[in-house]
Amino acid sequence: MDTPTHEVEYEQMLLSRHTFLNQRGGRRKNSLMERSAYILLSRIRVQGPMSIGELSDAFGLDASTLNRQTAAAMRAGLIERIPDPEGGMARKFRLTDEGTRLLDSEREGIVDILDQVMTDWPDEDIAAFAGYLRRFNYGIEAIGGRPWPRP
């Protein structure tokens, strides 16, 4: 490796290959939802109801892609369309009770795997790692101009 940044690139590549942990066909083994639905629901949960346009801006994806993703999530009963709570013209998507339940279950499954991966890590190391990941993500978000709201 030439520089520490080369090492980060290589480790990030290795991390991305795990596609959180044992996914097949976009889903983690024993997963309840596809990765795209997990990310979509996570964004709506932290930001509140969102329109297709807002989702397009948030993810940097075209509306047709988001129409397909939201349609699939609606068919699965994970989200529903509602009038804009602030009185705007666009309809928005919000999580259903089932979407909230499955999102929580999926997140707990991932946390369980992370607990296994870091079982012998001291809490201070886990907290430091989380801090470095947050800082790394903030840097990516700043370059891309698409900050992700955090709870």
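This is a predicted model: local features need pLDDT of at least 70, side-chain atom pairs count only at pLDDT 80 or more; totals for chains, interfaces and linings use all residues.
Visitor: Okay, then what does Glu141 count as, buried or exposed?

Guide: Glu141 has 13% relative accessibility, which is under 20%, so Glu141 counts as buried. Its side chain meets that of Arg150 in a salt bridge, at 3.0 Å from N to O. Arg150 has a relative accessible area of 30%, so this residue falls in the partly exposed class.

Visitor: And which class does Asp57 fall into, buried or exposed?

Guide: Asp57 sits in helix α3. At 57% relative accessibility Asp57 is over the 50% cut-off, so it counts as exposed. For the chain as a whole, 26% of the 151 residues are buried.

Visitor: How many salt bridges turn up in the whole structure?

Guide: The general idea is that side chains of opposite charge can pair when their charged atoms come close. Here, a search of the whole structure gives 6 salt bridges. One of them joins Asp104 to Arg45, with 2.5 Å between the closest N and O atoms. Asp104 lies in helix α5 and Arg45 in helix α2, 59 residues apart, so that pair links distant parts of the chain. Both partners are partly exposed: Asp104 has a relative accessible area of 33%, and Arg45 has 37%.

Visitor: What separates Glu98 and Arg101 in helix α5?

Guide: About one helical turn, because Glu98 and Arg101 are 3 residues apart in helix α5. They form a salt bridge too, with the closest N and O atoms 2.8 Å apart. Glu98 is partly exposed at 31% relative accessibility, and Arg101 is partly exposed at 45%. There's also a network of salt bridges that links Glu54, Asp84 and Lys92.

Visitor: Let's zoom out. What pattern does the chain follow along the sequence?

Guide: Reading along the sequence you get α-β-β-α-α-α-β-β-α-α, with 6 helices and 4 strands in the chain. The C-alpha trace spans about 50 × 35 × 30 Å along its principal axes. Among contacts with a separation of 6 or more, 49% come from residues 24 or more positions apart.

Visitor: Which domains does the assignment give?

Guide: The assignment gives domain 1 (26–108) and domain 2 (121–150). Their centres, taken over C-alpha atoms, are 23 Å apart.

Visitor: How many residues of each domain are in contact with the other?

Guide: In this model, 9 residues of domain 1 are in contact with 5 residues of domain 2. The two domains bury about 520 Å² between them, and 68% of that is on carbon and sulfur atoms. Arg43, Val46 and Gly60 supply 63% of the area that domain 1 buries against domain 2, more than any other three residues.

Visitor: And what about the charged and polar links across that interface?

Guide: The rule finds 0 salt bridges between domain 1 and domain 2, and the count of residue pairs in polar contact is 1. On the side of domain 1 that touches domain 2, the elements giving two or more residues are α2 (35–47) and α3 (52–59).

Note on methods:
Residues are numbered from 1 along each chain as its sequence is written. Side-chain values use heavy atoms; hydrogens and water are left out. Domain bounds come from an automatic or database domain assignment. Contact means heavy atoms within 4.5 Å. Buried area is the accessible area (1.4 Å probe) that two parts lose on being put together, summed over both. A salt bridge is a side-chain nitrogen of Lys or Arg within 4 Å of a carboxyl oxygen of Asp or Glu. A polar contact is a pair of N or O atoms within 3.5 Å; within protein, one must be able to donate a hydrogen and the other to accept it, and residues adjacent in sequence count only if both atoms are side-chain atoms. Buried means under 20% relative accessible area, exposed over 50%, partly exposed in between (1.4 Å probe, protein chains only).
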